[in-house]
Amino acid sequence: MTGPNCGCADDQRTTLTRRGVLGKALAAGAAGAFAGLAGDQLSTQLAFAAGKYAGDTLVLLSLRGGFDGLSAIVPAGDPAYYAARPDIAVPKAKLIGGDTRFGLHPALKPLLPFWKAGTFGAVHAVGQPEPNRSHFSAMEELERAAPGTSVRTGWLDRMLGGLGATSPFHGVSVGSMMPSRALAGPVPALGMKSINDFSMYGDQEGQPMAATLKTLYAGAPALLGQPAGQVMSSLATTKTLAAKAYQPANGAVYPDDTLGRALKDVARLIKGKAGLMAACVDSGDWDLHENLGAAVPGKRMHDKLAQLAAALAAFATDLGTTGMKRVTVVTVSEFGRRVRQNGSNGVDHGYGNAMMLLGGGVVGGKVHGRWPGLADRYLVDGDLAVTTDYRAVIGEVLHKRCGLANTRSVFPNVRSTTSGVFRNR
């Protein structure tokens with residue numbers, strides 16, 4: 001998550017969480033028996049619907065390390081951008097898509113067809129209510145999403161609770177990064193590195209741990225027996241999915257990297273009709289303090305964006321137009337980068353940022369949000385100002401696409417955006 005010479009403290013989160021496979025339903029006495037049952041449970045998280053959920057699957061893609069939205073969604077119409085970044089700004093001649101104000105980095109070319117189709121777009125000058133340049137605390141606040149309150153659950157946990165999710169396999173995480181705090185709370189959530197690798201530690205070693213667990217908790221009180229039953233159900237579901245070789249549809253080819261494999265598994269879960277409501281997937285290493293590079297292959301920012309675009313384009317292609325009508329992908333990051341390049345041809349921790357949006361309900365082909373400008377008088381301590389709270393954008397998704405009537409139960413004291421970033425279902 002940190003750059004080679006960043007000097008930033010590593011994320012100190014513990015990897016053993018109380019939700020894991022069983023979530024908060026585990027009694028204290030049972031926690032020791034279940035801790036680490038699923039070898040992948042601490043890697044990524046998804047959350048599935050219980051019952052007849054009819055809303056979109058929300059895919060939350062966290063770009064960890066501090067995403068440089070000014071490089072991805074380029075404010076080409078603002079001359080201060082080019083003045084501040086003489087060596088790393090994306091030349092106007094290389095921009096794709098966009099309009100008179102903004103253009104897309106050329107490495108996002110795989111997403112250009114979706115931009116033209118109106119299903120890929122962005123919101124600029126978004127961020128948290130207050131600047132915070134610490135990776136750890138900024139991401140913690142981003143995922144708790146309730147500053148100034150005593151709320152300690154994650155916002156996705158609150159969303160899932162509001163929509164009636166109760167089963168852990170009506171929820172999963174996929175990938176190699178640590179689980180998102182956004183799922184912290186009482187609603188069960190499941191985490192796995194991948195569908196094919198999801199199993200109990202003992203079973204991986206040739207021991208019948210699943211069968212032993214089933215026998216051990218047969219007839220146990222509900223407080224203990226229900227979590228054990230959820231483990232059995234989760235193992236059975238993933239075993240069924242893993243038994244079938246997966247072939248992406250519509251000629252989609254996923255990159256063979258962490259993000260590509262994770263999004264491929266999210267698509268498998270959606271197509272497998274597990275009732276997926278929300279998915280958390282991580283993409284790391286966006287902390288580009290040095291050698292961000294020009295907009296050409298072989299340079300760090302170009303290649304990172306190319307990998308991101310390839311994975312997202314494969315995901316959308318695999319699900320197809322019909323499948324993406326019920327999927328909304330939203331990117332978030334703990335903070336943006338400073339406007340002015342540093343002495344190492346990189347950019348340091350900043351404030352305002354861009355969110356990218358992909359899905360059938362997205363009003364795409366444009367950049368939403370009120371642009372504050374990059375002239376010195378408009379900056380916040382050298383950073384892009386925030387004119388839109390990131391929670392307001394997600395709140396619109398929850399209301400219009402997921403069917404959550406009271407978004408303030410998820411984001412206290414935040415009014416959802418009303419500028420038409422998303423279409424009603």
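A residue counts as buried when its relative accessible area is under 20%. Keep that cut-off in mind as we walk through this structure, which is a predicted model.

Let's start in helix α12. Here K400 has a relative accessibility of 19%, so it counts as buried, because the limit is 20%. Its partner is E396: the two side chains meet in a salt bridge, with 2.9 Å from N to O. E396 is buried too, at a relative accessible area of 1%. Both residues belong to helix α12 and sit 4 residues apart, which is about one turn of the helix. What brings such partners together? Side chains of opposite charge can pair when their charged atoms come close.

Another salt bridge is formed by the side chains of R85 and D68, at 2.8 Å from N to O. R85 is in the loop between α3 (79-84) and β4 (103-104), and D68 is in the loop between β2 and α2 (69-72), so the pair links distant parts of the chain, 17 residues apart. R85 counts as buried at 1% relative accessibility, and D68 is buried at 3%.

Now let's turn to the nonpolar residues. In soluble globular proteins, nonpolar side chains tend to be buried together. The largest nonpolar core in this model has 57 residues, and I73 and F315 have the most contacts inside it. Several elements each supply at least two residues of this core, including β2, α10 (258-271), β8 (276-283) and β9 (327-332). Which helix gives the most to this core? That is α11, with 12 residues.

Take a closer look at F315. Leaving aside neighbours within four places in sequence, F315 is in contact with residues that include V59, Y254, L263, I270 and V329. Apart from this core lies another one, of 39 residues, and among them are V126, A145, W155 and M355.

Definitions and conventions: Residues numbered from 1 in each chain as written. Predicted model: local features only at pLDDT ≥ 70, side-chain atom pairs only at ≥ 80, totals over all residues. Heavy atoms only, no water. Salt bridge = Lys/Arg side-chain N within 4 Å of Asp/Glu carboxyl O. Buried < 20%, exposed > 50% of the residue type's maximum accessible area, 1.4 Å probe, protein only. Core = buried A, V, L, I, M, F, W, Y, C linked by side-chain atoms within 4.5 Å. Contact = heavy atoms within 4.5 Å.
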